[in-house]
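Subject: Structure handover

Hello,

Please find the structure below. My notes on what was found in it follow directly after.

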Amino acid sequence: MNIAEPPIAQAEKLEELESRHHQDKRNGSALIVLLGIAALMCSGLELEVLMSLDGMLRFMTVREILWDVGAAFIPLFGVALGWWLCLMVFMKTTQVFGWKARHRESVFWRFGLTIPLIYFALELFNSTRLRISPHWHPGLFGWLWMSPILVAFCVAGICIPQLSVLQRFCRTRLAPLAVVHIVLITGVAVALIARGVRVFHDFTHPGRAVVASNSPDVYLITIDALRAQDMSVYGYQRPTTPNLERFAQQAYTFNFFFANSNFTTPATTSIETGKLPWTHRVFQLGGFLRGQAQQETLAALLRQRGYYTASIASNPFASPIQHRTLDSYDAVEFPLPENGNALWSRYTDLLGLNTLHTLSYTMLKSLGVVRFCISAMLWSDRYPSPAEPVFDRVRTLVARQDISQPRFVWAHILPPHDPYLPPLPYRGRFLTSSKLTHAYDFFGFRNDSPPRGVSAEELHARYDENIAYADHVVGDFLDWLRQTGRLDRSIVIVSADHGESFEHDWFSHAGPYLYSGLIRIPLLIHLPGQKQGLRIAQAAEQVDLLPTILELVGGEVPRWVEGTSLKLALEGGQAPPRLLVSMNLDPDSTFTPITEGTVAVIDSDFEYIAQLGSHESSLYRYKTDPREEQNLVESDPRVAARMRDLLEKKLEDANARAISSRDDVANIQSPMK
């Protein structure tokens, strides 16, 4: 016999069922919001990829791009999920404060979708702008007045429709799109794992057993964005490099040493391979070596001679990580930035992909801007990648007792690269004002203009202070080598990857110019047991470092090396006259003949610079006109014509080598004609 439940129990059960129904509805609603967020952000990424596609195709194949695009969806979905979790926490908080369910739901939907809609609208605006007016760039202050308008449109688009309309649009349009992307992301993740792609982690292999050797240790120290004419060791009026001046008393100092490019990746690849950029074909910041070229490196050659090879660099674009030459090294370390970008730098660096570059500079650039702004605000007075951790790791590696081999250590430090934020006591040494003392003060700094309200002279002074900081840290390491007795039995080379510009209304580096400030860099070489310094007037270039080091340790120089050993110059001899080359080929494709960009050829007196594909050129006496104020193209036409002919011949030879397997080599026309 069934006994009827009391009315109170029935009411409680109905209330429980109704509560469960509302809870299930809220859970379903929250899931739809997550799918809407993911759909908008993934669509924004696809717009960003389309905008950057032409640029990526200059140095990546379609297959390589597709792998990187697939990988980019993973952190982007992570950002979407993180934003959704923040919304869930917010909803729980408002529930504690007694907000009505109807208000909470409206805020959850509208606020949750507004941020990803702004991201999508920003990418849509950028893609439209590039298609309609590709040469117009709003700049920082253009964005400051356009951003509120863009945000207002997005807020209106979310808040004006009724909530039911917004929910139906998400459920019928955005949710299916998100499901497709989630399936794609899952498939990409599985494929990456199956392919063996993994996050790069520092590695230090144990030493190898080798026959006892008297070969000297080799320390190659490269300093990012260091121009020679701002160094007191080269006669600069400010005391920027007192430690290197002291080092020069026991080293050979080359008065005129030139970078083979005006930015990091191609220049350091030339150091590592002994090949010019038009031969190693690394033209862009995100470029990398391919095929057999990955094995033709200085470290690989020294390793064959029994050396323990190591790279420790705070700029990954100056390291074997980006160059894809990891197999040549026994140890590779990348000290992470000391700001909010550390985790991003670590976990977006996937071996076998180009995500180190693409996830920050071609895809997900908008997220990069957000990360940069947050870091600049939270770590405002701190240089992002200080030099000390690099040399701390070098000391630890060198002091290891389990490595009996001679060591080759390439240490690359980021200062004085911008932002010019030297620590105390160097900050304020040459500029006493409060300008440029925080990272956010560098907002708006571009190649064609310094930060707003800052003069070129003030910017230059902060750069010089950063040089003094770099000099101090390098000097500390050189003192350590001296105190431990290692300096007397080592080859120590101090140089840079490229210079920095403050003249000709052009700032920082890279770009179409190859002025002296951008490509004239230091070179100091200390040999084992050397007690006296010597100045060498003979001009040299970065590709000379590989053959010089090889000859100094008793090795043979391979035929594929394009540089010339400087050993003869160190011994007091004079090398035959030759032509040095520097270039920026960023507009060119790695896979086709060179037709654009800028190339400079340098002899013992003149520097001739040509803009490929145009009739623009300049000629300077770089020794007597270091600021290149007197263009001699018209006043000395015979020299200009001679240098132009030499450049044209070299360029034709480079293009012929690059496509030697094709039948149409003879049909290639010089881009200078």
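L364 counts as buried because its relative accessibility is 0%; buried means under 20% relative accessible area, exposed over 50%, and partly exposed in between (1.4 Å probe, protein chains only). L364 lies in the loop between α12 (355-361) and α13, helices and strands being DSSP runs numbered from the N terminus (helices H or I, at least four residues; strands E, at least two). Phi of L364 is near 60 degrees, a positive value in a residue other than glycine. R281 also has a positive phi, about 65 degrees, and is not a glycine either. R281 sits in the loop between α8 (277-280) and α9 (298-304), and at 12% relative accessibility R281 counts as buried.

A note on the source: this is a predicted model, in which local features need pLDDT of at least 70 and side-chain atom pairs count only at pLDDT 80 or more, while totals for chains, interfaces and linings use all residues. Residues are numbered from 1 along each chain as its sequence is written, and side-chain values use heavy atoms, with hydrogens and water left out.

Two cis peptide bonds deserve a line each. P415 and P416 are joined by a cis peptide bond with omega about 15 degrees; P416 is in the loop between β7 (407-413) and α15. The bond from D418 to P419 is cis, with omega near 5 degrees, and P419 is in the loop between β7 and α15.

Next, the cores. A nonpolar core is a set of buried Ala, Val, Leu, Ile, Met, Phe, Trp, Tyr and Cys residues joined through side-chain atoms within 4.5 Å. The largest has 97 residues, of which I221, F247, F254, F408 and L459 touch the most other members. Helix α15 (residues 456-483) gives the most to this core, with twelve residues. A second, separate core of 48 residues includes L34, F59, L113 and C154. Beyond its neighbours within four places in sequence, F254 has contacts (heavy atoms within 4.5 Å) that include Y234, L523, I536, A540 and L570.

Strand β4 (residues 257-258) pairs with β12 in the parallel sense over two bridges.

The whole structure has 25 salt bridges (a side-chain nitrogen of Lys or Arg within 4 Å of a carboxyl oxygen of Asp or Glu). In the one between R227 and D230, the closest N and O atoms are 2.8 Å apart, and both residues are buried. For E562 and R657 the value is 3.4 Å. That pair links distant parts of the chain, 95 residues apart: E562 is in the loop between α17 (545-552) and α18 (567-570), R657 in helix α19 (residues 637-658). E562 is partly exposed, with a relative accessible area of 27%, as is R657 at 44%. D202, E333, R346 and R393 are linked in a network of salt bridges.

Regards

Note on methods. Pairing = 2+ DSSP bridges.
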